[in-house]
Amino acid sequence: MASVMTERFGLGEHHVDGPPKDPYDLSACVAILPYDFFVCRRPCASNRDAQETWQRSGSTISKYFGIVLEAIFNMSGEYIQPPDMNNVHHTIRYNNRFFPYFQGCVSAIDGTHVSACVGSARADKFRGRKGDTTWNVLAACDFDLKFTYMLSGWEGSAHDARVLEHAISEPQNGFPFPPPGKYYLVDSGYANRGCFLAPYRGTNYHLRDRRRLGGDRKKEQFNYRHASLRNAIERTFGIWKRRFSILRSMHQFPLDKQAMIPVACAVLHNFIRMDPASVAQDHVSGDEDDDDASSEDDSVDADPDGVDVGESSSHLNISQDMDMGAFRDYVTNCIHEGSSG
């Protein structure tokens, strides 16, 4: 990480007291400052703690932190990349609960709240649903639990749908629109339109309700599978927030730096997830909290609610002249027919 930031993202151009006497000084800065401020579990981890660790003044620590934060933030263009939208992800392709029904899905999108540290004059604007001051962060992730898009900088009082509308309406936000026939999964807080496929509102889909009698069985089946696949974004958020404690307890940085921190943590998250050992450790430690616990066999051959994955399924790609409501109804009927056959 230190070499990448130094050689390719301009970190080596910034020195507080002239060129470092020992190259290790810069590497240590890259390695330790993100840990001190982003990861450290101690609630008192702050500029003062870093002063004690580094034996430097508060202004020096603050300047280095800004340099490192900006360098990591600038890596987002390379380390937060849109998913492969031309191929079906193996999580969908080899699971009969999802294929061919969701073969056009490229990613999952949701909003989440991270801690904000603001003065009392601005607190109301940043106050989220739970009463805390927060930032509302919009993110997309793939089914490998890596971030593929992130927009940070909205106050906690903003509605998720408003943040998404801003993301897709302003070109400078760089939202990765999928090609025709592809779409994102979103929850019921977003509109079911455009390239966003939402569940039916007012319909149960939790595991404990799945076998119950009554209600609209077809819509329940759709919502259950939709939620199971969309759960990837919740799991990604869970790992991300557990790994970076600053997202739960922000320090008194300027607001522009606070808005950069979620993106910087997403860059570090994706960088860490490139290591298979780290992926396995996330699972072992329980950080990867998968609520998609089903009594069904998820294998391709054994799922009784699925269909043969070798069956032609191009008809389940959304067509140019079909709106998302009609497409959702069509997929719902296909799922119901598959499970009834």
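**Figure 1. Glu-155 and its salt bridge to Lys-125 in the predicted model.** Glu-155 has a relative accessibility of 18% and therefore counts as buried. Glu-155 belongs to strand β3 and Lys-125 to helix α7 (residues 123-126), so the pair ties together parts that are 30 residues apart in sequence. The count for the structure comes to three salt bridges.

**Figure 2. Salt bridge between Asp-124 and Arg-127.** The N to O distance in this pair is 3.8 Å. Asp-124 is exposed, with a relative accessible area of 62%, whereas Arg-127 is partly exposed at 34%.

**Figure 3. Salt bridge between Arg-193 and Glu-165.** Here the N to O distance is 2.8 Å. Arg-193 is in the loop between β4 (183-185) and β5 (196-197), while Glu-165 is in helix α8 (residues 160-169), so the contact ties together parts that are 28 residues apart in sequence. Both residues count as partly exposed: Arg-193 has a relative accessibility of 45%, and Glu-165 has a relative accessible area of 36%.

**Figure 4. Aromatic pair of Phe-147 and Trp-240.** The structure holds 13 aromatic pairs. In the pair shown, Phe-147 and Trp-240 are arranged edge-to-face, with 5.2 Å from centre to centre and 65 degrees between the planes. Phe-147 comes from strand β3 (residues 147-155) and Trp-240 from helix α9 (residues 217-243), so the pair ties together parts 93 residues apart in sequence. Phe-147 is buried, at 1% relative accessible area, and Trp-240 is buried as well, at 0% relative accessibility.

**Figure 5. An aromatic cluster and two arginines over rings.** Tyr-149, Phe-175, Phe-177, Tyr-184 and Phe-196 form one aromatic cluster. Arg-328 lies over the face of Tyr-200, at 4.1 Å from the ring centre. The charged end of Arg-93 sits over the ring of Phe-99, 4.4 Å from the centre of that ring.

**Figure 6. Backbone at Pro-100 and Leu-145.** Most residues other than glycine have a negative phi, and most peptide bonds are trans. The peptide bond from Phe-99 to Pro-100 is cis, with omega near 10 degrees. Pro-100 is in the loop between α6 (90-93) and β1 (105-115). Leu-145 has a positive phi, near 65 degrees. Its place is the loop between β2 (134-141) and β3. Leu-145 is buried, with a relative accessible area of 3%.

**Figure 7. Two cysteines, Cys-117 and Cys-265.** Cys-117 counts as partly exposed, at 23% relative accessibility, whereas Cys-265 is buried, with a relative accessible area of 0%. A search of the whole structure finds zero disulfides.

**Figure 8. Overall view of the protein for orientation.** The protein contains 12 helices and five strands. Of its 341 residues, 51% count as buried. Among contacts between residues at least 6 apart in sequence, 69% join residues at least 24 apart.

Terms used:
Residues numbered from 1 in each chain as written. Predicted model: local features only at pLDDT ≥ 70, side-chain atom pairs only at ≥ 80, totals over all residues. Heavy atoms only, no water. Disulfide = S-S within 2.5 Å. Buried < 20%, exposed > 50% of the residue type's maximum accessible area, 1.4 Å probe, protein only. Helix = DSSP H or I, 4+ residues; strand = E, 2+ residues; numbered from the N terminus. Contact = heavy atoms within 4.5 Å. Phe/Tyr/Trp six-rings, centres within 6.5 Å; stacked < 30°, edge-to-face > 60°. Lys NZ or Arg CZ within 6 Å of the ring centre and 35° of its normal. Salt bridge = Lys/Arg side-chain N within 4 Å of Asp/Glu carboxyl O.
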